[in-house]
Amino acid sequence: MTAMERFLETFFNPTVMAKYTPDIIAGIWVTLTIAAAVIVAGIAAGLALACLRSYGIRVLNFFIICYADIFRALPPLVVILILYFGFPSIGIQLSGPMVLFIVLAATLAAFAEEIFWAGFSSVEKGQWEAGIATGLGFTRTLAYVALPQAVRLAIPPLVNRVLAITKMTALGSAIGVSEILSSATTAQSFSGSATPLTMSVVAYLVIFLPMVVIARWLESRTAWKKR
Amino acid sequence: MDIFIDQFFNIDIMRKSLPLLFKGLWMTLQLCSAVILLGLIGGLFVALGNMSERRWLRWISIGYTDLFRALPPLVLLIFIYAGLPFAGINISPFAAVVIAFLLNNSSYYAEVYRAGLISVAKGQWEAAESTGLSPAQTLIHVVLPQAVRNVLPDLLSNTVEVVKLTSLASVISLSELLYNAGMARSVTYNASPLVLAALFYLVLLWPLVRLVSHFQRRLAA
């Protein structure tokens, strides 16, 4: 057997591929489901926090800023382990996928809050005053004047952050969530072949490469008017 | 409430696990310095390739950044650590982490550098070269300092991400901060060591996160 043949046999073994394709596909499904839930919940929570912050209530803002800081500073894996291993002993039993969803959504919310807040801050003061002066009131000025501009500014950095955090669904393999990576490592130890690992790499590329390319395009489109 | 404090903020267990966690922290710091340094250097080269006038070089470095930004770092790490031995290449956990995160970080750093290099006006290159500086001298003494200053917040926030990333090394049993905390947890059946590790990360990273916010606000103003 030549070196090339052995390489292909190890990393691209067709029999192993055929056998474990259903497992990997099931893993893709789990990854996509959790990712979608994280994106929706994380962005919604982040936007809500940024809106709340714009009301300028001092005590509330203190807590929002602390929350955003802490979840931007902590490695998600640490929080995942604390929730997964610590909570059962105080009587809160959370499943692996639930823990993964909560931690990643909370992390995304922290980053999204900062991004939307930066968007709100960049809206000129005169626009707020003009909105309120026309009788819209603060809440409607927020919704109709500030929000559309903040969202537009937020999209490129938000897309990058969403990508980085949805990729973290792979951390689920550390707590037994049967997403792509953990299906692949299980298959690898059963088959004694590196092929399932290659399959997981391919699966992630199929999912994320188009998103990376779209993010690059979005960024290049807005680069000229960058702050 | 008592049971909550006993499970998450048990001072006694925290104190006992402290030496182990400090040992882990030392490893984490070593990992960080290796990975950050290599990432900063590697990223610069990728960024320069990205802006090269040679088309093939441009394509290779864009392909490189997109490829390694699309792969979750943990997948890359597992592939290198568990996959390469199948090809007859055995590497230590430390080396696996450094290689995997270098590939990942250098792509992210490259994107930041690229934004920085673009932000420096073309006239600066031309002016510096017309005074007789070589391209390398122009880059190091004229362009790079300005480029780095322009993207300092992004470089910093990327570095925060790198430090957080090193916690993934615990998955392949490299005894860094999180791994040691997990060990202490499984021996004591108590989550306090993990909470203590979280506090360590906060002490390390909160000031940097604040600094990033501060820079961003100054840039926006």
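Modeller: Happy to. A residue is called buried if 20 or more other C-beta atoms lie within 10 Å of its own, exposed if 12 or fewer, and partly exposed in between, with C-beta atoms placed from the backbone. This is a predicted model: local features need pLDDT of at least 70 and side-chain atom pairs count only at pLDDT 80 or more, while totals for chains, interfaces and linings use all residues. Residues are numbered from 1 along each chain as its sequence is written, and chains are lettered from A and ligands numbered from 1 in the order in which they are written.

Biologist: Good. Is Ser173(B) buried or exposed?

Modeller: Exposed, because Ser173(B) has 12 other C-beta atoms within 10 Å. Ser173(B) is found in the loop between α8 (152–165) and α9 (177–188) of chain B. Helices here are DSSP runs of H or I with at least four residues, strands are runs of E with at least two, and both are numbered from the N terminus.

Biologist: What about the phi of Ser173(B)?

Modeller: Positive, about 55 degrees, although Ser173(B) is not a glycine. For background, most residues other than glycine have a negative phi. Tyr189(B) is another non-glycine with a positive phi, of about 50 degrees.

Biologist: Where does Tyr189(B) lie?

Modeller: In the loop between α9 and α10 (192–220) of chain B. Tyr189(B) counts as exposed because there are 10 C-beta neighbours inside 10 Å.

Biologist: Zooming out, how many helices and strands are there in chain B?

Modeller: Chain B has 10 helices and 0 strands. Its C-alpha atoms fill a box of roughly 70 × 50 × 25 Å along the principal axes. Of its 221 residues, 41% count as buried.

Biologist: And what do the contacts in chain B look like?

Modeller: Two residues are in contact if their backbone-placed C-beta atoms lie within 7 Å. Among contacts in chain B between residues at least 6 apart in sequence, 75% join residues at least 24 apart.

Biologist: Which residues does UniProt list for a domain in chain B?

Modeller: The unreviewed entry gives "domain: ABC transmembrane type-1" for residues 25–213 of chain B. UniProt positions follow the numbering used here, feature names are shortened, and annotations may be inferred rather than shown by experiment. That span is 81% helix and 0% strand, with its end C-alpha atoms 25 Å apart.

Biologist: Which stretches of chain B carry "transmembrane region"?

Modeller: Residues 24–49, 70–103 and 187–209, again from the unreviewed UniProt entry. Residues 24–49 of chain B are 100% helix, and the end C-alpha atoms are 37 Å apart. Residues 70–103 of chain B are 68% helix, and there the ends are 11 Å apart.

Biologist: Which residues have the most contacts inside the largest nonpolar core?

Modeller: Val78(A), Ile80(A), Leu108(A), Val75(B), Leu77(B) and Ala197(B), in a core of 106 residues. The largest share of this core, 17 residues, comes from α5(A). A nonpolar core is a set of buried Ala, Val, Leu, Ile, Met, Phe, Trp, Tyr and Cys residues joined through C-beta atoms within 7 Å.

Biologist: What does Val78(A) touch?

Modeller: Leaving out residues up to four places away in sequence, Val78(A) touches Ser167(B), Leu178(B), Leu194(B), Ala197(B), Ala198(B) and Tyr201(B).
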